[in-house]
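Welcome! Please take a moment to look over the sequence and the model, and then let us walk through some features together.

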Amino acid sequence: MRYFTVFFLFIFTLSGFSQETSVKGTIINDNTLLPIWNANIVNTNKVRGAISDSKGNFEINADVNDILLISCLGFQSIEIKVTNDWIKSQNSRIKLTEKAYALEEIVIPPYTLTGYLEVDAKLIPERENYWYSIAGLTKRYEGGENSPNAFNRVMGSLFNPADALYNFFGKRPKELKKLREIRSDENLRNILQNKYDRQAIYLMFGINEKELLEILERCNYSEAFTKSANDLQVLDAINGCYEEYKILKKK
């Protein structure tokens with residue numbers, strides 16, 4: 001009987017430790033105090049995502065000191081740290097402030113067009129893009145005018161282990177585990193697919209804009225891709241580059 005009691009307490013304790021904690025909240029407009037639906041909530045520590053419902057309510061897995069990135073189209077994004085009080089109360093009202101938009105200047109390219117398609121097609125310069133491939137790897141590398149010196153950078157990455165890729169991939173094993181976890185959370189993938197500000201990426205991996213641009217450059221992605229890709233595409237690109245890095249490092 002005594003052994004059964006000890007065993008029961010062990011199982012109970014183990015289940016208590018394995019249980020995930022979560023926080024709930026309501027997102028509202030700072031000005032109107034109305035609920036904000038379809039707001040994105042990203043736990044950058046646990047790599048989890050959630051979306052607020054029609055009443056502004058959400059629930060997401062989180063522990064104390066986790067950082068939540070909350071954003072919504074037309075509102076300023078904010079970062080919130082999870083506290084003990086929040087977990088205990090299971091309720092928090094979070095206010096988002098609307099953005100003030102200013103019209104941007106429109107730049108017209110300096111091309112003199114005649115109105116005749118056959119003539120104008122020759123006047124506008126055509127960008128050439130090339131793709132390089134390396135035996136044993138499934139990924140191609142973009143070159144051409146969008147990615148100058150791409151081939152040289154590829155070869156440099158292969159034969160120079162002390163480059164930016166080594167410094168990033170070699171020193172952040174815990175952060176890079178999050179790349180695989182992103183695939184298992186459909187909510188998070190949907191959120192990142194519609195984000196282009198890179199805030200979640202900076203928080204998840206502890207890098208800044210300059211470091212991210214350098215990583216993408218070393219992974220031989222063009223400037224056009226870097227500017228136009230959404231956050232999910234950027235993370236998938238880094239993940240693909242990381243998998244190749246591991247293969248090349250073994251060799």
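This is a predicted model: local features need pLDDT of at least 70, side-chain atom pairs count only at pLDDT 80 or more; totals for chains, interfaces and linings use all residues.

E4, E1 and E7 make up an open sheet of three strands in the order E4-E1-E7, and its pairing is mixed. Strand E4 (57-61) and strand E7 (93-96) are the edge strands, each pairing on one side only. On average, neighbouring strands of this sheet are turned by 35° against each other, direction ignored.

In soluble globular proteins, nonpolar side chains tend to be buried together. The largest nonpolar core here has 32 residues, and the members that touch the most others are Phe168, Phe169, Ile182, Phe205, Leu235 and Ile238. At least two residues of this core come from each of helix H5 (164-171), helix H6 (173-182), helix H7 (186-193), helix H8 (199-205), helix H9 (209-218) and helix H11 (231-250). H11 gives the largest share, eight residues.

Which residues does Leu235 touch, not counting those up to four places away in sequence? They are Leu179, Ile182, Leu192, Ile201, Met204 and Phe205. There is also a second, separate core of 19 residues, with Val23, Ile27, Ile41 and Phe58 among them.

Finally, let us turn to the cysteines. How many disulfides does a search of the whole structure find? It finds one. This disulfide joins Cys219 to Cys241, with an S to S distance of 2.2 Å. The link of Cys219 and Cys241 is left-handed, with -90° about the S-S bond.

| Residue | Relative accessible area | Class |
|---|---|---|
| Cys219 | 2% | buried |
| Cys241 | 6% | buried |
| Cys72 | 14% | buried |

Cys72 has a relative accessible area of 14%, which is under 20%, so Cys72 counts as buried. The two partners of the disulfide, Cys219 and Cys241, are buried as well, Cys219 at 2% and Cys241 at 6%.

Technical notes. Residues are numbered from 1 along each chain as its sequence is written. Side-chain values use heavy atoms; hydrogens and water are left out. Two strands pair if DSSP finds at least two bridges between them. Helices (H or I, at least four residues) and strands (E, at least two) are DSSP runs, numbered from the N terminus. Axes are lines fitted to C-alpha atoms, for helices over the stretch in contact, and angles run from 0 to 180 degrees between N-to-C directions. A nonpolar core is a set of buried Ala, Val, Leu, Ile, Met, Phe, Trp, Tyr and Cys residues joined through side-chain atoms within 4.5 Å. Buried means under 20% relative accessible area, exposed over 50%, partly exposed in between (1.4 Å probe, protein chains only). Contact means heavy atoms within 4.5 Å. A disulfide is a pair of cysteine sulfur atoms within 2.5 Å.
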